[in-house]
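Keep the sequence and the 3D view side by side as you read.

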Amino acid sequence: MPRSHWPAHLVLASILLALLLGGAGQAARIVGGREAQPHSRPYMVSLQLQQAAGSHFCGGTLIHPSFVLTAAHCLADISSNLVRVVLGAHDLRSDEPSQQKFRITRVFSNDYNPEEFLNDVLLLQLDRPATLSPEVAVAQLPRQNQQLTQGTQCLAMGWGRLGTSAPQPRVLQELNVTVVTFLCRPHNVCTLVPRRSAGICFGDSGGPLVCDGVLQGVDSFVIRECATRQFPDFFARVSLYVDWIQSVLRGRTARSP
């Protein structure tokens with residue numbers, strides 16, 4: 001949507017946000033969350049470096065047995081040939097029997113704009129279909145252009161650091177968050193945690209935002225610092241890309257043997 005066609009309050013928010021984006025940081029670790037029940041989020045993905053054990057650097061979401069949705073900035077400076085995709089994980093320091101590991105055969109982007117953090121989505125095609133199980137499952141996509149209202153309750157998750165100087169957790173963390181519209185843009189879903197300092201932060205981008213069991217966001221960026229209570233956390237709005245996602249899936253799966 002052209003910016004000149006936005007409602008006045010969104011234009012003002014966009015101008016303020018543009019001024020703040022110079023201090024934006026790619027996200028996210030979960031700050032102030034809790035350990036997830038093991039394998040209760042079976043669509044959760046860990047992106048790791050092939051040659052380094054325990055080298056989780058981004059999250060993702062399994063949306064098809066052969067495709068993972070993550071943030072475009074996650075692979076902006078890393079060749080997909082160097083990345084290992086891990087499904088069915090809870091404890092990243094344990095070689096759990098439930099884990100399945102894959103290489104990436106192709107990536108699909110959608111006009112990612114790193115200067116404005118727009119279209120921060122990327123589809124990764126796996127080298128073979130995942131074996132679905134109680135520990136590995138596909139997330140539900142929203143309807144194209146589905147809206148989320150202020151106050152919607154959602155769940156963010158990831159394996160990033162627990163605090164600025166804290167170590168990375170062994171196990172998956174999750175956090176209840178609330179959708180807000182302050183400073184947000186039509187391309188994003190924005191969230192806050194009311195009345196306390198908690199949220200997403202540096203080091204674990206690409207992870208899912210799930211609202212009422214539906215994948216509504218891809219963890220994208222924060223303003224200035226993490227969990228400040230002054231600015232919302234920003235997720236790429238998945239509902240804007242459902243038609244594109246489905247077109248990629250149709251095109252690639254039609255060619256599979």
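**Starting from one threonine**

Thr 178 is buried, because its relative accessible area is 12%; here buried means under 20% relative accessible area, exposed means over 50%, and partly exposed is what lies in between, with a 1.4 Å probe and protein chains only. You will find Thr 178 in strand S11. Strands are DSSP runs of E with at least two residues, helices are runs of H or I with at least four, and both are numbered from the N terminus. If we set aside the neighbours within four places in sequence, Thr 178 is in contact with Gly 151, Thr 152, Gln 153, Cys 190, Thr 191, Leu 192 and Pro 194, where contact means heavy atoms within 4.5 Å.

Before going further, a word on what you are looking at: this is a predicted model, in which local features need pLDDT of at least 70 and side-chain atom pairs count only at pLDDT 80 or more, while totals for chains, interfaces and linings use all residues. Residues are numbered from 1 along each chain as its sequence is written, and side-chain values use heavy atoms, with hydrogens and water left out.

Now back to the strand around our threonine. Strand S11 covers residues 173-180, and since seven of its eight residues are buried, it is largely enclosed by the rest of the structure. Which strands pair with S11? Two strands pair if DSSP finds at least two bridges between them. Strand S10 (residues 153-158) runs antiparallel to S11, with six bridges between them, and Gln 153 has Thr 178 as its bridge partner there.

Let's step back to the whole chain. It holds two helices and 15 strands. Of its 257 residues, 56% count as buried. Among the contacts with a separation of 6 or more, 71% are between residues 24 or more positions apart. The chain exposes about 11,500 Å², of which carbon and sulfur atoms supply 50%; these areas come from the Shrake-Rupley method with a 1.4 Å probe, and for residues only the protein chains shown count as cover.

How confident is the predictor? The pLDDT, its confidence in each residue from 0 to 100, averages 85 over the chain, and 82% of the residues score at least 70. Over residues 1-12, however, the pLDDT is below 50, and beyond near neighbours in sequence this stretch has nine contacts in the model. Where pLDDT is low, the predicted coordinates should not be read in detail.

Next, have a look at the open sheet. Seven strands form it in the order S7-S6-S3-S4-S5-S9-S8, with antiparallel pairing. At its edges are strand S7 (100-102) and strand S8 (104-109), each of which pairs on one side only. From one strand to the next the twist averages 30 degrees, with axes taken as lines fitted to C-alpha atoms (for helices over the stretch in contact) and angles running from 0 to 180 degrees between N-to-C directions. Strand S6 (residues 83-87) pairs with S7 over three antiparallel bridges, and Val 85 has Phe 102 as its bridge partner in S7.

Finally, the aromatic rings. Rings of Phe, Tyr and Trp (its six-membered ring) pair if their centres lie within 6.5 Å; planes under 30 degrees apart count as stacked, over 60 as edge-to-face and the rest as tilted. The count comes to three aromatic pairs. Phe 67 and Phe 108 have ring centres 6.3 Å apart and planes at 50 degrees, so this pair is tilted. It links distant parts of the chain, with Phe 67 in strand S5 (residues 67-70) and Phe 108 in strand S8, 41 residues apart. Phe 67 and Phe 108 are both buried. Phe 221 and Phe 234 have ring centres 4.4 Å apart and planes at 10 degrees, so this pair is stacked. Phe 221 sits in strand S14 (residues 214-223) and Phe 234 in strand S15 (residues 233-237), 13 residues apart. Phe 221 is buried at 0% relative accessibility, and Phe 234 is buried with a relative accessible area of 0%. Ring pairs also bring in Phe 117, which forms a cluster with Phe 221 and Phe 234.

Terms used:
pLDDT = per-residue confidence, 0-100.
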